[in-house]
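The report below goes through a protein model, beginning with the pairing of its strands and ending with its pocket.

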Amino acid sequence: MRNTEPSPFSFAIDEGEKERAVREMHERNEAFIGLYHSHPNGLPVPSQDDIDHAPDVFYFIISVGGAEEGIRCYRIRGRQVMHLTIIV
């Protein structure tokens, strides 16, 4: 989805695109179980914005170009962050 806050420090999903995607998922009997985004110059850990706005789904953060590159997964519920191990 398009970032409506193109900045190196934040992102926001276009509400119309989000509503359309959720509606299409429901029409196809699909479930929204996770999302991912990148931290281009930061660590793969949730920022305060991530914690404040995360839906209750698997939350993947990809870090590239910073001190630590990698991917991590979290569940964020009620602003409580739980790191999950990714097994491939």
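## Strand pairing and the sheet

E3 and E4 pair in the antiparallel sense over five bridges, where strands are DSSP runs of E with at least two residues and helices are runs of H or I with at least four residues, numbered from the N terminus, and two strands pair if DSSP finds at least two bridges between them. The model is a predicted one, in which local features need pLDDT of at least 70 and side-chain atom pairs count only at pLDDT 80 or more, while totals for chains, interfaces and linings use all residues. Residues are numbered from 1 along each chain as its sequence is written, and side-chain values use heavy atoms, with hydrogens and water left out.

Within the E3 and E4 pair, Cys 73 stands opposite Leu 84 in E4, and in their hairpin, which has two residues between the strands, Gly 78 takes a positive phi near 55°.

| Pair | Bridges |
|---|---|
| E2 (residues 58-63) and E3 (residues 70-77) | six bridges |
| E3 and E4 | five bridges |

Together the four strands form an open sheet in the order E1-E2-E3-E4, with mixed pairing. Because E1 and E4 (80-84) stand at the edges, each with a single partner strand, one side of each is left without a neighbour in the sheet. Neighbouring strands of this sheet are turned by 30° against each other on average, direction ignored, with axes taken as lines fitted to C-alpha atoms and angles running from 0 to 180 degrees between N-to-C directions.

## Helices and overall layout

The protein has two helices and four strands, and from the N terminus on its elements run α-β-α-β-β-β. Its C-alpha trace spans about 40 × 30 × 25 Å along the principal axes. At the start of H1, a side-chain oxygen of Asp 14 reaches to within 3.1 Å of the backbone nitrogen of Gly 16, and just after H1, Asn 29 takes a positive phi of about 55°.

## The largest pocket

The largest pocket has a volume of about 1000 Å³; a pocket is an open set of points on a 1 Å grid over the protein atoms alone, where a 1.4 Å probe fits, with protein on both sides within 12 Å along at least five of seven lines, and lining residues have an atom within 4 Å of a point. Its lining holds 35 residues, of which Phe 11, Ala 12, Ile 13, His 37 and Tyr 59 lie nearest the centre. E1 gives the most to this lining, with six residues.

Notes. Points joined across faces, edges and corners; volume = space filled by probe spheres on them. Polar contact = N/O pair within 3.5 Å; in protein donor to acceptor, adjacent residues only side chain to side chain.
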